[in-house]
Structure formats: C-alpha cells, structure tokens
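Good morning, and thank you for joining. Please look at the structure on the screen, and I will then take you through selected parts of it.

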Amino acid sequence: MSIDAPQFQTTAPSDGEVIASFPIMTPEEVSAAVDRARIAAHWWAELGFDGRKTRLLAWKSLLARRAEQLAWLVHREGGKPVEDALLEIALSIEHLDWAAKNAEKILGERGVRPSLLTMNQRARLWYEPMGVVGVIGPWNYPVFTPVGSVGYALAAGNAVVFKPSEYTTAVGQWMVDSFAQVVPEQPVVQLITGQGATGAALCTSGVDKISFTGSTATGRKVMAAAAQNLTPVVLELGGKDAFIVDADANIEKAVDAALFGAMGNAGQTCVAVERVYVHDAIYDQFLDRLASRARELHPGNEATSSYGPMTMPAQIATIREHVDHAIACGGRAIVGGPESIGESVVGPIVLADVPESCPAVTDETFGPTVVVNRIRDLSDGIDKANANHYGLGASLFGKDRKALMEAARRLRTGMVSINSWVMYAGVPALPWGGVGVSGFGRIHGPDGLREFARSKGVVSERFPSPLVLTSFSRRPDTSAIISKALVALHGRRKWTS
Ligand code: TXE
C-alpha cells in the first residue's frame, strides 16, 4: 500500500479528537487480503477442534486481562460510558468461551441412524469449515457484534476478513491485533479498513460467507452484491423492539428495565426498547414512574455518564424527524422533546399516546427516545408488537408465566426476554437473529456455529443389502417387496378428521 493512499480518520464523538487514521482500502487490496486468508484458512482448519480451542481460549484470556484497556478505547471512539463498554466486552468473552468449547460437540463427526431400506449403510454427518468468512461490523457494539460472528466463524474452522465500521475502526484494529498476538503464525483474522465501498468490495471478493450487521438498507445492498457470486449471507439488521407490560407486572422492575433498554447506549442498540405497550390498568402509574426515573438520567461525554453522545452524527436528523412527527400527530412529550436534541448528546425523550402509524412507532429511531402506548390486554400488546416489519427481539413483563410463555410464542421475533430486557444475549447457547426486515440467519449458539459451516453427509456400506435398490439388475420382485414393506411400515395410520 502506498504511503499516500487515501485515508480516513475516526474521531471521539465527545470532543472530536482524532483517534486514528486508516487507509481506505481498494477492491484490489481487499482481494489480496482474501487471498492471504485462503492460505491461513487451510492452516487454521488443519489445527482441528482442539488446536483451535486452545488458541481461542488464549485469545479469550487476553481479552479478559486487557478488558479495561479495550473498554476505554470503546468509550473514546464510540462514546459509550466505560461501564457499558466493559459489559459488552464481558458478554463477548462469554460467547468466545462457549463457541471454543462447544464447536466440536456441535460440528464434529457423528453417526446418524439409517432408514429401514438402508439398514446396510453406516451414515456419518459432520460440519466442515466454509473457508474465508467476511465480517462487516457496525459501530454501536464494536466488540460484541463482531465477536458474535468472528468468534463463531473461527471456532467452526474458518479464517476471517473483518471490516469494522468506519466510526469504530480503532476498536476493530485492537481486536485483530490482539488475536494476532495469540495466533502469530498465519493471518487468520485480518482487518480491512474503509467505508461502504470497502465493505461492498468484500461482498464481491469471493469470500465463502458474508456476515453483516448494520442497517436494513445496507443489508439489502450486501445481499444483492453477494448474489453475484452466490455467496451466502447472514444479516443482522435493525429492530423496533416492543416491551409489553401486563396489568400484574412488577411496575418498578419493568420501569427499570424499560428505561435502560430504551436509553442505555443512547438507544443505539438494535434490540433497544423503542415501543412500550402498557396495560391500561397500570398505564398512568407506569408512565409517571418511567418519567421520573428518566429525568434522573445524566447523559453526557464523561466516562461515567448515564449514556454518551450519539456515535454517528447523521442519526440526530432521524431522531428529530421521529420526535417532531410524533408530536405533530398528537403524541405527548412527557419527558424532553425536540429541545432535548443537542449537537451530539440527546437528552432522554419519553413520548406517550403516539399514533401507531407514526415513524416513531413504525421505524427504527436508534436514539434515547421511547414511545409508551396503552393496550387493553396482553393479546392487544402482541398484535401491536407484531404489526411492524421489523422482528428482532421483544420483552414481556407480568406474573402469569403460562400466559407470558404463550405470548412469547405468538411474538413474531427471533428473541424474547420475560421479566428482563435482553438477557437472551447473555446466554451463549441461544441463537441471535431476527425475522422480517430485521434479517435472517443466526449468530450465537449451535445455530451460530452451523451458520459458518457446511454440513456433509456420508454413507458407507457395512454389508451387501439383500435388496439392491439402485441397479438395473434389480430382482424382479424388488418393487413388490418394497410396496409391501411400505404399507407395513408407513401405511397403517388412518386419516381421521
Ligand atoms: O449503517 P450501515 P450505518 C442502523 C441504525 C443506523 C443506521 C445507519 O438505524 O442509524 O443503521 O448506520 C458497511 N456494502 N444500524 O450508516 O450503512 C459500513 O461501512 C457493504 C443498526 O453505520 O448499515 C459499516 O461497516 N458494506 C445496526 C456497516 O456496513 C457496507 C447497527 C454498517 O453500515 C456498505 C448499525 C455496502 N454497500 C446501524 N455500505 C444494528 N443492527 O445494530 C456500508 N457498509
């Protein structure tokens, strides 16, 4: 790369200080990285589950030892409070640990039962690495989100070419450098830097899979670009998560969770609480309590603020548009309002009784704002929650476990948290992903490992079958025997309506 190649800088959202400069990589440079990754992928796959596990656990340990250093960098470059950054790193470490320790059990070779007609076969199943996985990351959780793909792709035996967001590239570099300290032999995880065009180049570079986390609009472009080479994609896109509070819920607990889910990380969370639906019987009480708790928050630029400035300045226009529109169409601003929207820090905004057709209810706001609307009952809440094109996560609060589990089943989302917000993210064995315009495919858990692997099925003959099925010299009575066997085995169930 030439010394005067075009560069971009990341800056601290709090004070604009330049954090670092990075080259804007060209499609040729991206291709060269993928070529290097192919060789590394072979070496990494050859290490086998045990060899990879040892190295991934060593990386995990290094992350745990340096968590504080990383948290400060996440705070400086992305703007979130240090404690929130530490929480994100802690969750990432747990996922890395789980992926490393469970990859062999989920993906390793195992026998499966043949059918009666194939009793003479030994059937084996295993999951092979895909090769090189391209990971395109966002800025809102610059450690947790990429680790959900990078960690699982590595555990499944792939090399990774990682393009972090142009807003949090220094964090991405820190992650890649730390991995190289533990695995110095080959460039198993490489960093590529740049904006959208560099990400687009990765999509057409011939990688074996693309894992993308970001906006729905960009997700569509990623999928279209990947289609050129029939590259499979996993898309983790935005959300408009609902938080439903039943009449018998513990109000204090629900308020606490809704407030953190809505305002934490300045609302820049794909599973942020953006719509709260509260049973009519406790609506006023809930709203009063939420408002008074929201007024106690102290957002700002400090490491210890309740939440930080907006990471991406362009988001402020979306927040303003949603808030203005909500008020114009009859919504009530209970805490804050348009005047809370500063140049980089946005004060908490609680809106009530906003018509369900407003953008503040239908579209992702991605800011420290929340809409609190009334519902008749749990069922009404579910209908309202489901009447949205996003379908990522949801939360339910109440006492009746059976009713809440039934509600969880009816919710059109990939994840649900009962009597808490987002706790599914802390259970590495559970999948993460959405439905509708929130994307498809899964990271985390067994599904997340399989997402980065190709299944292979192999049969091997144990003994010659008395009934040869696939031959032109079949016995003349083979078909008759099969017909009889079919009726005996499968034909005895009668249809009753
Ligand atoms: O996202 P983009 P941005 C939502 C949130 C936010 C909006 C825009 O509502 O306001 O998206 O954020 C790379 N081919 N979320 O602009 O554009 C880009 O360089 C390939 C939700 O940051 O989706 C970055 O690395 N890659 C979300 C990554 O895609 C491309 C997290 C994300 O950028 C590309 C972030 C292209 N054509 C934002 N164009 C969540 N699910 O949590 C850009 N990129």
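**A tour of the predicted model**

Let us begin with Met 119, which sits in the loop between β3 (110–112) and β4 (121–129); helices (H or I, at least four residues) and strands (E, at least two) are DSSP runs, numbered from the N terminus. This is a predicted model, in which local features need pLDDT of at least 70 and side-chain atom pairs count only at pLDDT 80 or more, while totals for chains, interfaces and linings use all residues. Residues are numbered from 1 along each chain as its sequence is written, and side-chain values use heavy atoms, with hydrogens and water left out.

Met 119 is partly exposed, with a relative accessible area of 40%; buried means under 20%, exposed over 50%, and partly exposed in between, with a 1.4 Å probe and protein chains only. Together with Leu 116 and Leu 489, Met 119 makes a nonpolar surface patch of about 290 Å². Such a patch takes residues with over 30% relative accessible area and no salt bridge, its nonpolar side chains (Val, Leu, Ile, Met, Phe, Trp, Tyr) joined within 5 Å.

How confident is the prediction? The mean pLDDT, the predictor's confidence in each residue from 0 to 100, is 97 for the protein, and 99% of its residues reach 70 or more.

I turn to the ligand. Which residues are closest to the ligand? They are Trp 139, Glu 166, Ser 215, Thr 218 and Gln 315, out of 29 that surround it, each with a heavy atom within 4 Å. There are also polar contacts, that is, pairs of N or O atoms within 3.5 Å. A side-chain N or O atom of Glu 364 is 2.8 Å from a ligand oxygen, and a polar side-chain atom of Lys 163 lies 2.9 Å from an oxygen of the ligand. From Leu 237, a backbone N or O atom lies 3.0 Å from a ligand nitrogen. The protein buries 87% of the 810 Å² that the ligand exposes when taken alone, by the Shrake-Rupley method with a 1.4 Å probe.

Finally, consider two loop residues. His 444, between β19 (439–440) and α15 (445–450), has a positive phi near 70 degrees, in a residue other than glycine. Is His 444 buried or exposed? His 444 counts as buried, because its relative accessibility is 1%. Asn 419, between β17 (415–418) and β18 (435–436), likewise has a positive phi, near 60 degrees.

Methods: Patches are made of residues with over 30% relative accessible area and no salt bridge: like charges are joined within 9 Å, nonpolar side chains (Val, Leu, Ile, Met, Phe, Trp, Tyr) within 5 Å. A salt bridge is a side-chain nitrogen of Lys or Arg within 4 Å of a carboxyl oxygen of Asp or Glu. A polar contact is a pair of N or O atoms within 3.5 Å; within protein, one must be able to donate a hydrogen and the other to accept it, and residues adjacent in sequence count only if both atoms are side-chain atoms.
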